[in-house]
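Thanks for picking this one up.

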Amino acid sequence: MGFKNNLINARSHIIFLVALGCGLALVTSIDRRLETDPIASNTGTQMAQFEDITPLPLAVTGASSETDLEYARVAWRYFQNNTNPNTGLVNSTDNYPSTTMWETGSYFVATISAERLDIIERTEATARIGQALETLQEMRLFDEILPNKAYDVRTGDLVNYANEPVERGLGWSALDIARMVGALGHVEANYPELALDTSSLMERWSLSSMVEDGQLIGGNMIDGNLRRDQEGRVGYEQYAAKAMMLFGFDMYRAYDAENHLMVRDVEGHAIPVDTRLHRNITPAFTVSEPYLFDGLEFGFDARSHRFATSIYAAQEARFRETGILTAVSESHINVAPYFIYSSVWGGGAPWAVMTFSGDRMDSRRTITTKVAFAWDALFGTQYTRELLTAIAPLGDAERGWPEGIYEIDGTTNTSVTVNTNAVVLAALAFRAHGPLIRKQP
């Protein structure tokens, strides 16, 4: 029994050593390929455009102000309102009882962050996460392989995106599951008493089915048949790769951003853009979100720090040029089609706002709450403080933080979501304690 407990307590150290070994193998593999592969060498010339970028210093303060804690309590209200008492799962948007693995991962991130900020007690954090883990352990998987793309929060049943029951399911999202795997890593690092539960859950999932030749592979139902597709574009792909590498998966191609990298100038700043299409429909887009998650949860690496610096700087430069506050990423909106991707560069142009189907919808560009909080926590500049000053009045002590402010007319994007409120909590926890993967003293 002593050996078993010691093994559990040492798990985070074992994970770190495995991840370090994967990282060393990845670097060696990339270096060798750059020496022999002319295409890879050409992508190296793209990366060279970031070498002269000086990463912005991080703004970890080591403390929380009373205002920070007030903001955090507003964000936690969302989870108090939207946690189902029977399953322990959380609604994706306010009062809408559906969830994905991405959003469940966000819930775990929010809970750990709230406990770090002393908004909730450790006992509540472990109870909440423990109940959700029990439900995840019991939920039916898609084809008994991996979690379905969506579930009913009230029952844990497989559903489609309209939250309607589906017998077989929709397939799986490798990016969503990888984000959830990363969240389970954070749980293990912060609550070793839950390590057996997280380990058992990941053993139940056939995670190797979504990894092939160092890439993430999603499963999509097309005309009643399962089709396996590569998932991830520059930014999201590397964030997801880091999560999987925590548990020893070889993600050398997913982590290698250079192989599909092109650089576009936006407001005088080099912006990393993927050469592949988004959902095979429209030119890929660059948004803030994956870089925010990377910094807040894992801590930047040298490459993502430069990418994030440039992406942030382009948004500040747009404000300096136009006077329009700019904090863009993907977000829900409170009108059809209810979800948009506000890009730094996307669809072939800077500042494009794209729908899921690839149509432009620039009228819904949002000064995004989660982006404002996250940039301020990461970099803490005069501009990020201006963003927070604009966003601060939106906080609703009864519902949580809405998505943000529509740029076109200054009205509020009133959609309230799990992801935004989770990022607010993660940002405020980062300000006081640094990246989430770092264990508390």
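The numbered points below go from the open spaces to the packing, and then to some backbone details.

1. **Before you start.** Please keep in mind that this is a predicted model. Every value in this note was computed from that model.

2. By class, the lining of the largest pocket holds 20 nonpolar, 15 polar and nine charged residues.

3. Is Asp 176 buried or exposed? Its relative accessibility is 17%, and buried means under 20%, so Asp 176 counts as buried. Beyond its neighbours within four places in sequence, Asp 176 is in contact with Thr 100, Met 101 and Trp 102.

4. **The largest cavity.** The model also has four cavities of 30 Å³ or more. The largest cavity has a volume of about 100 Å³. Its lining consists of 13 residues, with Gly 235, Gln 238, Tyr 291, Asp 294 and Ser 304 nearest the centre. Helix 9 (236–245), helix 11 and helix 12 (302–322) are the elements that give two or more residues to this lining. Sorted by class, the lining of the largest cavity has six nonpolar, three polar and four charged residues.

5. **Helix 13 against helix 15.** Now turn to helix 13 (residues 369–379) and helix 15 (residues 418–433), whose axes are 9 Å apart and meet at an angle of about 10°. Because that angle is under 35 degrees, helix 13 counts as roughly parallel to helix 15. From helix 13, the contact uses Thr 369, Lys 370, Phe 373, Ala 374, Asp 376, Ala 377 and Leu 378. Helix 15 brings Thr 420, Val 423, Val 424, Ala 427, Leu 428, Phe 430 and Arg 431. Taken by class, this contact has nine nonpolar, two polar and three charged residues.

6. **How covered is helix 13?** How many residues of helix 13 are buried? The count is 11 of its 11 residues. The buried residues include Lys 370 and Asp 376, along with Phe 373, Trp 375 and Phe 379. Just after helix 13 comes Gly 380, with a positive phi of about 55°.

7. Ala 110 lies in helix 5. Ala 110 counts as buried because its relative accessibility is 0%. Where sequence and space are concerned, do look at Ala 110 and Ala 422: they are 312 residues apart in sequence, yet their C-alpha atoms are 4.5 Å apart. Not counting residues up to four places away in sequence, Ala 110 touches Trp 76, Phe 79, Ala 422 and Leu 425.

8. **Backbone details to check by eye.** Most residues other than glycine have a negative phi, and most peptide bonds are trans. Asn 95 has a positive phi, near 70°, and sits in the loop between helix 4 (66–82) and strand 1. With 60% relative accessibility, Asn 95 counts as exposed. Trp 351 also has a positive phi, of about 65°. Trp 351 is in the loop between strand 14 (349–350) and strand 15 (353–355), and its 7% relative accessibility makes it buried.

9. Finally, have a look at the peptide bond from Ala 336 to Pro 337, which is cis with omega near 5°. You will find Pro 337 in the loop between strand 11 and strand 12.

Terms used: Residues numbered from 1 in each chain as written. Predicted model: local features only at pLDDT ≥ 70, side-chain atom pairs only at ≥ 80, totals over all residues. Heavy atoms only, no water. Buried < 20%, exposed > 50% of the residue type's maximum accessible area, 1.4 Å probe, protein only. Contact = heavy atoms within 4.5 Å. Axes fitted to C-alpha atoms, helices over the stretch in contact; angles between N-to-C directions. Helix = DSSP H or I, 4+ residues; strand = E, 2+ residues; numbered from the N terminus. Parallel < 35°, antiparallel > 145°, perpendicular 65-115°, else oblique. Nonpolar A, V, L, I, M, F, W, Y, C, P; charged D, E, K, R; others polar. 1 Å grid on protein atoms, 1.4 Å probe; cavity = no way out; pocket = protein on both sides within 12 Å on 5 of 7 lines; lining within 4 Å. Points joined across faces, edges and corners; volume = space filled by probe spheres on them.
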